Amino acid sequence: MADKKELLRLVGSMQQLAYVRPVTFEEGRARGMRAFEIKNGSLKFSVTADKCLDLTDVSFCGHNVSFLAKPGLMGRNHFDTNGAEAQRSIMGGMLFTCGLENICAPCKVDGKDFPMHGRIRTTPAEHVSADARWVGVDYLMTVSGTMREAELFGENLTLRRTITTCYGENRIRIEDEITNEGFRREPMMLLYHINVGYPLLCEDSEILIPTRKVTPRDAAAAANAARWNRMEAPKDNEPEEVFLHEMAADEEGNTFAAVINRKLGIGLKVDYNMKELPYFMQWKSIASGDYVMGLEPANSSVYGKPYHIEENSLHEMEPLAAERKKIVLTFLSGGELDAVRRKAEEMSLTR
């Protein structure tokens, strides 16, 4: 960690090294979308104020880390909540948040439609604030705001999000508080769709997940189950694969997943707690043009809302109750790559 006094000797403005800057996109489907660009030394990323304060492009040490889907950057549009058509509005990014009433495939329950991956990912933030300031010896950059998923005579759920990064630390902390502001029990499903892309993701990548058991979601995944932790070269029109993991964790429930690339010398580690997010799914696509690895901690299964209803396991919140979740994205380099591999191997062997 750099010393505050010495840093201020070396720069005219801290924005030389670190900043939070509001921006508005001006072309294509993204026209009019508000966001924040954040620089933290060699770590750069963007946060979309108009789409759940999710993360879009992320780069580290000059290399892209995130995935951008074929539709590209876009604001809200008529595809967002229209069943399977919602796939036309999925731009990927480093993170998009799935929920709060549905996290996976579109479905209809009791005559009500639930769109692909839910509605919260395209919900604009209210009470948005952004800051970059010294807090003691730490130079902190923060963005925060609240998203509301609500319906007349229906649910009233809020997601309060705070994103923090500290100069000299290659981490992004995402802290969420979900509150049921209504007066009835409400289902609450939540999945953090973290998407790794080229060049971090390629044939040279290692997928490090301290798993105790891997279950393929379907026949396509079962056919390649032995290669869940490797990334092949792109292949035209290859079907996506999804694997469900029973994760190993420490005594407090802490666990992680990581993607590292030794040739580039960088990696990404996703830390979370299984007490908050007991499910973990891995999405793998080697399809040409859709080349991506998804790391997905969640409070519900990829099998979706109908599955949980049938199993009587749908997660619900009491009126006025609140739940807190935290995920940390750490961007790795140097000896950290070997350390995270050893940690994954140690945890996988622990029973």
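**Exercise 1: a helix and its buried side**

Start with helix α4, residues 336–349. In this predicted model, how many residues does α4 have, and how far does α4 reach from its first C-alpha to its last? Then work out which residues of α4 are buried.

*Solution.* 
Step 1. Helix α4 has 14 residues. From first C-alpha to last, α4 reaches 20 Å, close to the 20 Å expected at 1.5 Å a residue.
Step 2. Now look for the buried residues: in α4 these are L337, V340, A344, M347 and S348.
Step 3. These residues cover an arc of only 100° around the axis, which puts them on the same side of α4. Here's the background: an α-helix has 3.6 residues a turn, so residues three or four places apart point the same way.
Step 4. What do the buried residues of α4 pack against? Their partners are the strands β15 (205–208), β16 (211–216), β18 (254–261), β19 (266–273) and β23 (322–333).

**Exercise 2: one asparagine in a strand**

Find N261 and decide: is N261 buried or exposed? Then list what N261 touches.

*Solution.* 
Step 1. N261 lies in strand β18.
Step 2. The relative accessible area of N261 is 1%. Buried means under 20%, so N261 is buried.
Step 3. Set aside the neighbours within four places in sequence, and N261 is in contact with P199, L200, C202, D204, S205, I266 and L337.

**Exercise 3: sorting ring pairs**

The structure holds four aromatic pairs. Take W134 with Y139 and work out how their planes are arranged, then do likewise for Y303 with Y307.

*Solution.* 
Step 1. The ring centres of W134 and Y139 are 5.1 Å apart, with the planes at 65°. Over 60 degrees counts as edge-to-face, so that's what this pair is.
Step 2. How accessible are these two? W134 is partly exposed, at 24% relative accessibility, while Y139 is buried, at 9%.
Step 3. For Y303 and Y307, the centres are 5.3 Å apart and the planes stand at 55°, so the pair is tilted.
Step 4. Y303 is partly exposed at 37% relative accessibility, and Y307 is partly exposed at 33%.

**Exercise 4: charges over rings**

Which ring does the charged end of R21 sit over, and which ring face does K269 lie over?

*Solution.* 
Step 1. The charged end of R21 sits over the ring of Y19, 3.6 Å from the ring centre.
Step 2. K269 lies over the face of F256, 5.1 Å from the ring centre.

Definitions and conventions:
Residues numbered from 1 in each chain as written. Predicted model: local features only at pLDDT ≥ 70, side-chain atom pairs only at ≥ 80, totals over all residues. Heavy atoms only, no water. Phe/Tyr/Trp six-rings, centres within 6.5 Å; stacked < 30°, edge-to-face > 60°. Buried < 20%, exposed > 50% of the residue type's maximum accessible area, 1.4 Å probe, protein only. Lys NZ or Arg CZ within 6 Å of the ring centre and 35° of its normal. Helix = DSSP H or I, 4+ residues; strand = E, 2+ residues; numbered from the N terminus. Expected span 1.5 Å × (residues − 1). Arc of directions from axis to C-beta. Contact = heavy atoms within 4.5 Å.
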